[in-house]
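User: Got a model here that I'd like to walk through. Can you take my questions as they come?

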Amino acid sequence: MARMAVSILAILLASCAVAAAASFDKEFDITWGDGRGKILNNGQLLTLGLDKISGSGFQSKHEYLFGKIDMQLKLVAGNSAGTVTAYYLSSQGATHDEIDFEFLGNETGEPYTLHTNVFTQGQGQREQQFRLWFDPTKDFHTYSILWNPKHIIFMVDDMPIRDFRNLEGKGIAFPKNQPMRLYSSLWNADDWATQGGRVKTDWSHAPFSASYRGFKADACVVVAGGRTRCGATVGEEVAPGTGAPAVAGEWYNQELDLTRQQRMRWVQSKYMIYNYCTDPKRVAQGTVPAECSM
């Protein structure tokens with residue numbers, strides 16, 4: 001009897017884990033690509049396609065002002081040179097804010113480049129680039145953005161790789177006032193994406209495809225009147241039955257503890273291949289941003 005109860009509990013927990021991922025058809029709109037983007041498996045899988053005519057992309061129905069965003073991606077396999085899979089938060093306009101993951105394809109057998117960037121009030125050029133410690137085309141991996149009033153933390157399979165801190169007190173702009181949507185696209189960028197544009201897209205391998213699943217957003221969502229509603233995973237009700245607004249989760253005040261800071265530094269020491277703070281050209285020109293010395 002006890003064994004049966006444990007089995008039933010395991011089944012229920014597995015069901016809850018599946019249900020926790022939001023449905024793509026409820027949370028996203030495919031915005032371009034003329035049918036190259038598809039929502040499948042009852043809303044649990046989304047695929048983007050790229051061929052010589054066009055790429056494709058989608059965006060969230062919601063806008064967020066702070067949150068923890070998780071997405072599982074499986075990237076273009078084989079010869080992905082020239083392709084870019086972009087996954088990012090962004091507001092609109094000339095002074096927009098933006099938080100970027102971009103995956104730059106490569107020739108067969110050569111590693112992807114994971115490109116990260118942060119825009120504040122329209123100003124970017126805060127690039128950090130990494131190699132991944134696994135093949136991102138073989139299986140799904142989770143790429144997360146934790147954005148709260150003090151930090152923007154980039155994570156891969158829950159491993160922190162970058163922490164952009166709020167240094168407004170020292171005159172450094174930080175994204176905190178502009179709500180952002182989540183966007184993703186698969187597109188051709190062979191003028192720059194692979195080895196500085198030296199390797200072009202081989203269209204004999206098209207169509208290219210990237211896959212998405214397991215979207216979760218524990219976030220403050222912009223609702224009617226420009227107000228924000230915090231505290232529930234997107235797609236779920238807030239404080240059911242109470243009529244009261246829930247409060248934001250632990251992510252709202254989350255920082256990296258000493259152990260996770262050490263893990264981040266280890267990743268950066270082993271896998272970072274470019275850091276805007278140490279770019280020799282910027283150092284020589286005296287154009288290194290102020291936050292690099294803080």
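User: Start with helix H3. How many residues does H3 have, and how far does it reach from first C-alpha to last?

Analyst: H3 covers residues 258-271, which is 14 residues. The reach is 20 Å, close to the 20 Å expected at 1.5 Å a residue. That expected span is 1.5 Å times one less than the number of residues. Helices (H or I, at least four residues) and strands (E, at least two) are DSSP runs, numbered from the N terminus.

User: What should I know about the source?

Analyst: This is a predicted model: local features need pLDDT of at least 70, side-chain atom pairs count only at pLDDT 80 or more, and totals for chains, interfaces and linings use all residues. Residues are numbered from 1 along each chain as its sequence is written, and side-chain values use heavy atoms, with hydrogens and water left out.

User: Back to H3. Which residues are buried?

Analyst: Arg-260, Met-264 and Val-267. Buried means under 20% relative accessible area, exposed over 50%, partly exposed in between (1.4 Å probe, protein chains only).

User: Why are they on the same side of H3?

Analyst: Because they cover an arc of only 60° around the axis. The arc is taken from the directions from the helix axis to the C-beta atoms. An α-helix has 3.6 residues a turn, so residues three or four places apart point the same way.

User: What covers that side, and what is on the face turned away?

Analyst: The cover includes E9, E11 (151-156), E12 (159-165) and E16 (272-275). The face turned away carries the exposed Leu-258, Ser-269 and Lys-270.

User: New topic. Which residues touch the most other members in the largest nonpolar core?

Analyst: Met-71, Trp-147 and Phe-215, out of 56 residues. E14 gives the most to this core, with eight residues. A nonpolar core is a set of buried Ala, Val, Leu, Ile, Met, Phe, Trp, Tyr and Cys residues joined through side-chain atoms within 4.5 Å.

User: Backbone next. Where is the cis peptide bond?

Analyst: Between Ala-206 and Pro-207, with omega about 0°. Pro-207 lies in the loop between E13 (181-188) and E14 (208-222).

User: And Asp-34: buried or exposed?

Analyst: Exposed, with a relative accessible area of 74%. Asp-34 has a positive phi of about 50° although it is not a glycine.

Methods. Contact = heavy atoms within 4.5 Å.
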